[in-house]
Amino acid sequence: MGLFGTMPGISGSIEVVCGPMFSGKTEELIRRVKRAQIARQKVQIFKPAIDNRYHETEVVSHSSISTPATPVNSAVEILQKVFDSTRVVAIDEVQFFDESISIVVEKLARRGVRVIMAGLDQDFKGLPFGPMASLLAIADSVDKIHAICTVCGAPATKTFRKNPKESAQVLVGETDLYEARCRSHADFFGEDQDQLAFFVNLNDSRSKTQNL
Ligand SMILES: [Zn+2]
């Protein structure tokens, strides 16, 4: 046993399961946790204290599969609460943490811990949600899973907010607030604005080229 209880020859890893709401991310997280438990590995599950939709101390999927979880107020709190004997750390709703979560999971992986995270890759505007862009970059494995578009039934990669006037990025809610949509039915900005942005960028890069 080395420092932090790391066994020689056993290396940690970072896994991300991401996708829109209603894609089954939490089910997938729980599935991996259950398999690790069957293999008799010590697992600890965390979730941000902000996500209290269903239960304070459990991870609950939309289909009501649940498993006990420790709510934490910050990424660093995870480090403080992981036991030396823990082999697997699972984190649900990881998009709600700040960028320091990347440092925390790197540290855990270095200690030989397998870190499994589930989170929304994009916010309701289709932009990277919180620390997800960094987490997807540093992960050893990434699974983007799809929901079903509520308009056309195609695989959905976007979370659509029914009332876009509510502009806060974090608005914890359920089917009353959000729907899964495919790319063509989650037109966040409208084609006109997209084209406008494209031409602005084009002009920007042209003027930069001229300045060279
Ligand atoms: Zn669609």
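## A tour around β7

Start at Gly 112, which follows helix α3 and has a positive phi near 100°. Helices (H or I, at least four residues) and strands (E, at least two) are DSSP runs, numbered from the N terminus. The model is predicted: local features need pLDDT of at least 70 and side-chain atom pairs count only at pLDDT 80 or more, while totals for chains, interfaces and linings use all residues. Residues are numbered from 1 along each chain as its sequence is written.

Next, select α3, residues 100–110. Its residues Ile 101, Val 104, Val 105, Leu 108 and Ala 109 are buried (20 or more other C-beta atoms within 10 Å of the residue's own, with C-beta atoms placed from the backbone). They span an arc of only 135° around the axis, so they sit on the same side of α3; the arc is that of the directions from the helix axis to the C-beta atoms.

Now select β7, residues 114–120. Seven of its seven residues are buried. Arg 114, Ile 116, Ala 118 and Leu 120 lie on one side, Val 115, Met 117 and Gly 119 on the other, and both faces are covered. In a regular strand, side chains alternate between the two faces of the sheet.

β1 (residues 13–19) pairs with β7 in the parallel sense over seven bridges, and Gly 19 stands opposite Leu 120. β6 (residues 88–91) also pairs with β7 in the parallel sense, over four bridges; Val 89 has Val 115 as its bridge partner.

Definitions and conventions. Buried ≥ 20, exposed ≤ 12 C-beta atoms within 10 Å, placed from the backbone. Pairing = 2+ DSSP bridges. Right-handed = clockwise from strand over helix to strand, strands pointing away.
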